[in-house]
Amino acid sequence: MKQDLPIKQDLALFKAFSDETRLRILFLLAVRELCVCELVSVLEMPQGKISRHLALLKQAGAVGDRRDGTWIYYSLTGSPSALFDRLKPYLESGSPGDDPLQHDLQRLMSLAEEGVVCVPNPAYTPVTSRN
């Protein structure tokens with residue numbers, strides 16, 4: 001990705017942001033890093049579908065991953081481009097009034113508090129409000 005022209009990086013980011021499922025994943029990753037099984041639980045979608053979307057987000061430079069034993073955690077990356085620098089605050093601020101995204105965030109908090117997600121994250125602090 002780093003060898004691509006800036007316009008190709010921007011096009012990849014626009015493509016990544018243009019799908020509802022990928023946008024929902026990005027909003028969730030703006031809260032904290034997550035593993036695939038957590039995203040599957042929150043979004044109630046098949047693992048293969050989530051993995052394909054994460055691969056596209058990773059290819060666009062919006063998402064990075066880290067391995068911890070057998071688990072792979074995904075999170076928003078640093079700054080793959082100036083465009084991402086401008087889009088990242090949008091993700092971090094949440095999407096006020098958007099019911100599906102608010103539902104996702106509430107579901108993430110509920111599953112984490114109940115210990116239902118497959119890997120508890122001790123660094124996770126529930127977000128009480130996304131203003």
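**Reading the model**

Guide: Within the chain, confidence is lowest in helix 5, with a mean of 82, and highest in helix 4 (residues 47–60), with 94. The score is pLDDT, the predictor's confidence in each residue, on a scale from 0 to 100. Helices (H or I, at least four residues) and strands (E, at least two) are DSSP runs, numbered from the N terminus.

Visitor: What kind of model is this, and what pLDDT do local features need?

Guide: It is a predicted model: local features need pLDDT of at least 70, side-chain atom pairs count only at pLDDT 80 or more, and totals for chains, interfaces and linings use all residues. Residues are numbered from 1 along each chain as its sequence is written, and side-chain values use heavy atoms, with hydrogens and water left out.

Visitor: What is the mean pLDDT of the chain?

Guide: The mean is 81, and 81% of the residues reach 70 or more. Over residues 121–131 the pLDDT is below 50, and this stretch has 20 contacts in the model beyond near neighbours in sequence. A contact means heavy atoms within 4.5 Å. Where pLDDT is low, the predicted coordinates should not be read in detail.

Visitor: Ok. How many helices and strands are there?

Guide: The chain has six helices and three strands. Along the sequence they follow the pattern α-α-β-α-α-β-β-α-α.

Visitor: And how much of the chain counts as buried?

Guide: Of its 131 residues, 42% do. Buried means under 20% relative accessible area, exposed means over 50%, and partly exposed is in between (1.4 Å probe, protein chains only).

Visitor: Switching topic. At what angle do helix 2 and helix 3 pack?

Guide: Helix 2 and helix 3 (residues 36–43) pack at about 115 degrees, and their axes are 11 Å apart. Axes are lines fitted to C-alpha atoms, for helices over the stretch in contact, and angles run from 0 to 180 degrees between N-to-C directions. The crossing of these two helices is right-handed. A crossing is right-handed if the near helix is turned clockwise from the far one by less than a right angle, and left-handed if anticlockwise.

Visitor: Which residues make the contact?

Guide: Helix 2 supplies Arg24, Ile25 and Leu28, while helix 3 supplies Leu39, Val42 and Leu43.

Visitor: And how do helix 3 and helix 4 cross?

Guide: Their axes come within 9 Å and cross at roughly 115 degrees. This crossing is right-handed. Val36, Leu39, Val40 and Leu43 of helix 3 meet Gln47, Ile50, Ser51 and Leu54 of helix 4.

Visitor: Is Leu54 buried or exposed?

Guide: Leu54 is buried, at 2% relative accessibility. Not counting residues up to four places away in sequence, Leu54 touches Ile25, Leu29, Val36, Leu39, Val63 and Tyr74.

Visitor: What about Gln59, buried or exposed?

Guide: Gln59, also found in helix 4, counts as exposed, at 60% relative accessibility. Gln59 and Ala12 are 47 residues apart in sequence, with their C-alpha atoms 8.0 Å apart.

Visitor: What is there to say about the phi of Glu44?

Guide: Phi of Glu44 is near 55 degrees, a positive value in a residue other than glycine. Most residues other than glycine have a negative phi, and most peptide bonds are trans. Glu44 lies in the loop between helix 3 and helix 4 and is exposed, at 57% relative accessibility.

Visitor: How many aromatic pairs does the structure hold?

Guide: One. Phe27 and Tyr90 form an edge-to-face pair, 5.3 Å centre to centre with 70 degrees between the planes. Rings of Phe, Tyr and Trp (its six-membered ring) pair if their centres lie within 6.5 Å; planes under 30 degrees apart count as stacked, over 60 as edge-to-face and the rest as tilted.

Visitor: Where in the chain do the two partners sit?

Guide: Phe27 is in helix 2 (residues 20–31) and Tyr90 in helix 5 (residues 82–92), 63 residues apart, so the pair links distant parts of the chain. Phe27 is buried, with a relative accessible area of 2%, whereas Tyr90 is partly exposed, at 38%.

Visitor: Last one. Which side chain does Asp104 join in a polar contact?

Guide: That of Arg24, at 2.6 Å. A polar contact is a pair of N or O atoms within 3.5 Å; within protein, one must be able to donate a hydrogen and the other to accept it, and residues adjacent in sequence count only if both atoms are side-chain atoms. Asp104 is in helix 6 (residues 99–114) and is buried, with a relative accessible area of 1%.
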